[in-house]
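Here is a structure to read through its terms. Each label will be set against its cut-off.

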Amino acid sequence: MNSRSAAEYRIEDLAHASGATVRTIRAYQDRGLLPTPERRGRANVYGDAHLARLRQIADLLDRGYTLASIKELLEAWDAGRGLGGVLGLVAEVQGPWTDEQADRISRDELHRRFGGAQDDQAVAEAVELGVLEPIPGRPDEFLVPSPQELSVAVELHGADVPLTAIAGHLRELRGQVEHIASRFLEFTTEHVFARYLGHRPPTDADAAEAAELVRRLRPLAQQTVDAELARAMRTFATRHLQHHLGADAPIAHPAASEPRPVLLPPDTIGAVQQLVGQQNVAAFVAAATEREVRARTLDALATSRTESRQVDQID
């Protein structure tokens, strides 16, 4: 710190005060992210504005922004456009998307809930999946981001499902749910948020309105998935039980005309989208399926006719 003023820093002092390295500060200067320092003789002198700017950059990096995006935001700030609306939108998107509260659990309690046997490999796998999070300085305690998810694992294990099978199922399920989340975001971006995101960065007013929409639309994704999962479980559980009890079992089933969902791999959906466009995916899949069914029906009829002729010739 310069002895003349508490608001003046050499680059080494600025690095110490901000937590950045001297190399990082110089890189930010080269990118135009930091104001030009005052030149005194052979030394550069920085002030509180530089320290504040470094802290802004660090905060935006923590929020997931790239340096290129940060430069645009800071240029907008310098031009007189506030960052309050943008940061409010970021906070809204990065906020909790569930009312569920995280909990803590000790290693001993964790082993007890899973039958008392110590399984360090299963614990490590749970940490890798994010079901458990280590707490720094407390090796025998974990944060549980979703107690409901952990409770499901406990119940499944209590029903004699192996922990490895539970972990594998969660990995598969997570991939499918991430695809659903991605599609919901694409849908809402196209039809709702595109008009707010045309400016880079968006104006304070647009960002504030978009943040309010996020608050209103946030529950819709989970509500839609809950309703569709309940309907699909009813349909498939009934069909599954009927299959295992026999075709003659008196079990009610959905009408033949009721649409039935079919899960396709994301790669298949992507390929169809590239071929016919996003809006035509459902129609293309339905037409392709119908063509395949008709082709197999014709093959079966032709085969049946051929076999009938062969029998007649033998007679």
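Questions and answers on this protein follow.

Q: What kind of model is this, and how are its residues numbered?
A: This is a predicted model, where local features need pLDDT of at least 70, side-chain atom pairs count only at pLDDT 80 or more, and totals for chains, interfaces and linings use all residues. Residues are numbered from 1 along each chain as its sequence is written, and side-chain values use heavy atoms, with hydrogens and water left out.

Q: How many helices and strands are there in the protein?
A: There are twelve helices and five strands. Helices (H or I, at least four residues) and strands (E, at least two) are DSSP runs, numbered from the N terminus.

Q: Why is His-50 called buried?
A: Buried means under 20% relative accessible area, exposed over 50%, and partly exposed in between (1.4 Å probe, protein chains only). His-50 has 7%, so His-50 is buried. It lies in helix 3, residues 48-62.

Q: What does the side chain of His-50 reach?
A: It reaches the backbone nitrogen of Gly-47 at 3.0 Å. A polar contact is a pair of N or O atoms within 3.5 Å; within protein, one must be able to donate a hydrogen and the other to accept it, and residues adjacent in sequence count only if both atoms are side-chain atoms.

Q: Which residues does His-50 touch, not counting those up to four places away in sequence?
A: They are Leu-14, Leu-34, Pro-35, Thr-36 and Pro-37. Contact means heavy atoms within 4.5 Å.

Q: What makes helix 1 and helix 3 oblique to each other?
A: Helix 1 (residues 11-18) and helix 3 pack at about 40°, with axes 10 Å apart. Axes are lines fitted to C-alpha atoms, for helices over the stretch in contact, and angles run from 0 to 180 degrees between N-to-C directions. Under 35 degrees counts as roughly parallel, over 145 as roughly antiparallel, 65 to 115 as roughly perpendicular, and the rest as oblique. The two helices are therefore oblique.

Q: Where do helix 1 and helix 3 meet?
A: Leu-14, Ala-17 and Ser-18 in helix 1 meet His-50, Leu-51, Leu-54 and Arg-55 in helix 3. By class, this contact has four nonpolar, two polar and one charged residues. Ala, Val, Leu, Ile, Met, Phe, Trp, Tyr, Cys and Pro count as nonpolar, Asp, Glu, Lys and Arg as charged, and the others, Gly among them, as polar.

Q: Why is helix 1 called roughly perpendicular to helix 2?
A: Helix 1 and helix 2 (residues 22-31) pack at about 105°, with axes 9 Å apart. That angle makes helix 1 roughly perpendicular to helix 2. Ile-11, Glu-12, Leu-14, Ala-15 and Ser-18 of helix 1 make the contact with Val-22, Ile-25 and Arg-26 of helix 2. The residues divide into five nonpolar, one polar and two charged.

Q: How do you know that helix 9 and helix 10 are oblique?
A: Their axes come within 11 Å and cross at roughly 140°. The helices are therefore oblique to each other. Ile-180, Phe-184, Val-192 and Phe-193 in helix 9 meet residues of helix 10, including Ala-210, Leu-213 and Val-225. By class, the contact has eleven nonpolar, no polar and no charged residues.

Q: Why does Glu-141 count as buried?
A: Its relative accessible area is 16%, so Glu-141 is buried. Glu-141 lies in strand 5, residues 138-144. A polar contact of 2.5 Å joins its side chain to that of Arg-138.
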